[in-house]
Amino acid sequence: MVNVKTVDGGARFLSSESCAALIAIGMTGAIYPMFTIVHPPQPCQHLTQSINSRTMQHSPLLDDLRTVIRTCPVIDNHAHNLLRPTELGTYAFETITTEAHGEALKDTFKSLSHIRAARQLRELYGCDAAASWDEVVAKRAQVLKDDSNGLIKRCLEGTHCILMDDGLDADTVHEYDWHDQFTTSKTKRIVRIESVAQDLMEVLTSGEQLSWHEDNDESRNDDINWIWIQFTEAFQADIEASILDPEVVGFKSVVCYRTGLDIRPTNVETRESINASFRDWVASCRKGECRLEHKGFNDALVELSLKCLSDSGKPKPVQFHTGLGDADINLLLSNPAHLQPLIERYPTVPFVLLHSSYPYTREAGYLATVFKNVYLDIGEVFPMLSRDGQLSIVRQSLELVPTSKLLWSTDGHWFPETYWLANKQFREVLEEVLVDYVHKEDLSVSQAIDFVRDIMFNNSNDLYALGETLQIDTAPTSSKAMSRGSADGRQQLENFLQREPAVEFVCIQWLDYMATTRTRILPIAEFSRLVAKDAGIGISRGSTGTLQNDAVTPACTPVGQIYVRPDLSTLRRTHAQHPLPSATVHAFFHDEHGQMLPECPRGVLQRLLQRTKDEHDITFLIGFEIEVTFLRRVPGPSATFEPWTTNQAWSTLTDEQYVTSLPVLAEMVKALLGIGIAVQQFHTESGQGQYEFVLPPLPALEAIDTLLQARQVVQQLAASHALRATLHPTPLRGIGTAAHAHVSLHPAEREGAFFVAGVLAHLDALCALTLPEAASYGRVRDDAWSGGTWVAWGSQNRETPLRR
């Protein structure tokens, strides 16, 4: 402890940590009558980071973020059909982690992406950790034989719905709606415009449609002109029909594969190229080769599709394959930067740049940032890249792109494992990136959670106008009594008991509606069973309607049960002088189904804090001052009390205090420090027998838990010295007792508009909670530095109820 003297001879006792903090932040100037900073210093960055890091490290909010990342349902905005059972041998299974084919495929077994995927597939199939790839493939074949639908169901677990490009290998795969049995909501179609064109041309160039004149140029030209008219009319009609089809939510072009993303506009200058390439395509189709890879007409087809969409009034999105692809792609022309002129020509049509545009993610990110109608899909790199590559892609995507413009897809195709690996690896990488950003304070937990929901679900839901509802448990995991029979809870308890092996009892505590702390004491074996079996202490709902002396009120009812479930994040060793070798833990109210009850005091606060963060992006730190009056019993037949000390004034250290109170106060502070409750300072207050302990700023729920535990320690140690510690507002004539709360809002600029005005607007109602007894109003007087009687705020003004 450090005894800090003020210029008028006053004294305050600070912990050495608090004193070091004051020195570290350069706090200088006169300190009178309280810590008034005359020359505000610059904050000490390393100290602030250290405090925030410690707070975040032990905060259950990070568990909330991890839970949302691991469980949030996904709208898979780009994927493909699964193979029919008879076609499973059509493609090599090792292609799930590579775009290589032929001879190049042999080297994939040495890639990080394949090695990682193989390890994860062993987990999926239940293989031995040392199983070879051949053994993995054999086990997969057995799983498919025994229960293929079961494997698919597991691989698509967590997928809300799939937006399926069903133009890939249509003859070998299941129909798009076949996949509905494995997803929460129905699969929707993404129409591949090149497939529509090829199907039409196959019909138009067949012998049944026209008599082809190979040797007669004039007649052949007539045929081509006829085909041109028939094709463009039919193609436009098909696109317009798809725009109106509720089963179709978007379109896709693979022009990147065919002729590149440098799409030239349809005009007089390109007309000759369009005509020539159309003639070439018709000739190819006559030979049975209808793959559309003819530059001029390829470009014109994309332009025609975009014009149809633009003219529709409410254009559906168009997905473009960009970046990563197999060997027949022109990598240089797969750069989405080539699309910029096209994007500018069709500003009302949403463009979705697929596959993270790897390796051009930053170029795609730029387009998604500066153009309202461009979105970036983070897909295909899972599981095609190594973990570091995936981390880099996610970070590059977040470098510039607003998270409202990012979409998730698996690019799952042929094999159900492609869906499973992509979702699993994406969740792992997203968790690592976002938790890192939270630790570095670039994001709050609530902002990170919003990012997850948007990328995985909301953005696709809005962009494709799906009308789906995100069904996810939005209550924080920290409000679900984290210790319930989960492995995490058991591990938390085990870790605590390893640190505190002497603990034999646990005091489960909760605050009732009269601000009375209720306690049940369990032997450690029974408490361990409670945690392991996902159980709670049953109490009557009627107990919430009793007064401090258990007198019943009209709110009491003999019907109903509350299950008091411990929150192990609050588990704390009791102080060394406690008669029992024990620990305390705060609790939530749950029903018989394990759901948080709406009347749970801690749960209400938790929900309000989360709502404030979600809706207003505001968080709080709260530091409490515990003003307490110590009394001793007067010997005699009547139960009367007198102040413990009388020769005192605010922040003084008289002879009486030096001998009488200082050793006991120091014992209390050391006891608090011993159980992990920091005390920033303690000092004499103005009333007889009145002292104050100042607690540090903490997140709101943690601050209140700490306040209750600290008060209990002070009360118990006072009793051990035959003293009564009371928080009564006017226990004696003269100076009253208060409960001062220091509240910091983050960001600070919201404080005036949000907090100050809100408190003053509701101050009458707040008095019902903050001044609950008639005696409370005896303390609140004008000209007594007690907050005054006016609805007002002031800067450094002790006569206002709210001061800045």
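# Chat about a predicted 804-residue chain

A: The protein chain exposes about 37,500 Å², and carbon and sulfur atoms supply 53% of that area. Accessible areas here come from the Shrake-Rupley method with a 1.4 Å probe, and for residues only the protein chains shown count as cover. This is a predicted model, in which local features need pLDDT of at least 70, side-chain atom pairs count only at pLDDT 80 or more, and totals for chains, interfaces and linings use all residues. Residues are numbered from 1 along each chain as its sequence is written, and side-chain values use heavy atoms, with hydrogens and water left out.

Q: How much of the chain counts as buried?

A: Of its 804 residues, 49% do. Buried means under 20% relative accessible area, exposed means over 50%, and partly exposed is in between (1.4 Å probe, protein chains only).

Q: And how many helices and strands?

A: There are 24 helices and 25 strands. Both are DSSP runs numbered from the N terminus: helices are H or I with at least four residues, strands are E with at least two.

Q: What share of the contacts join residues at least 24 apart?

A: The share is 69%, among contacts between residues at least 6 apart in sequence. Contact means heavy atoms within 4.5 Å.

Q: Which residues touch the most other members of the largest nonpolar core?

A: Leu65, Phe231, Phe320 and Leu434 do, in a core of 84 residues. Helix 15 (residues 416-439) supplies the largest share of this core, nine residues. A nonpolar core is a set of buried Ala, Val, Leu, Ile, Met, Phe, Trp, Tyr and Cys residues joined through side-chain atoms within 4.5 Å. In soluble globular proteins, nonpolar side chains tend to be buried together.

Q: What is Phe320 in contact with?

A: Leaving aside neighbours within four places in sequence, its contacts include Val255, Leu261, Ile263, Leu339, Phe351 and Leu354. Ser253 is also one of them.

Q: Which residues does the second, separate core include?

A: That core has 34 residues, including Ile622, Tyr691, Leu698 and Leu717.

Q: Is Leu200 buried or exposed?

A: Leu200 counts as buried because its relative accessibility is 16%.

Q: New topic, pockets. What is the volume of the second largest pocket?

A: About 1,100 Å³. Helix 6 gives the most to its lining, with five residues. Nearest the centre, among 37 lining residues, lie Gly167, Leu168, Asp169, Arg192 and Arg258.

Q: How does that lining divide by residue type?

A: It has 10 nonpolar, 12 polar and 15 charged residues. Asp, Glu, Lys and Arg count as charged; Ala, Val, Leu, Ile, Met, Phe, Trp, Tyr, Cys and Pro as nonpolar; the others, Gly among them, as polar.

Q: What counts as a pocket?

A: On a 1 Å grid over the protein atoms alone, a pocket is an open set of points where a 1.4 Å probe fits, with protein on both sides within 12 Å along at least five of seven lines. Lining residues have an atom within 4 Å of a point. Points are joined across faces, edges and corners, and the volume is the space filled by probe spheres set on them.

Q: What does His355 touch?

A: Its contacts include His78, His321, Asp377, Glu380 and Asp411, not counting residues up to four places away in sequence. His355 is in the loop between strand 8 and helix 12. It is buried, at 1% relative accessible area.

Q: What is the phi of Asp411?

A: Near 55°, a positive value in a residue other than glycine. Asp411 is buried too, at 8%.

Q: And Ala515, buried or exposed?

A: Ala515 counts as exposed, at 58% relative accessibility. Its phi is also positive, about 65°.
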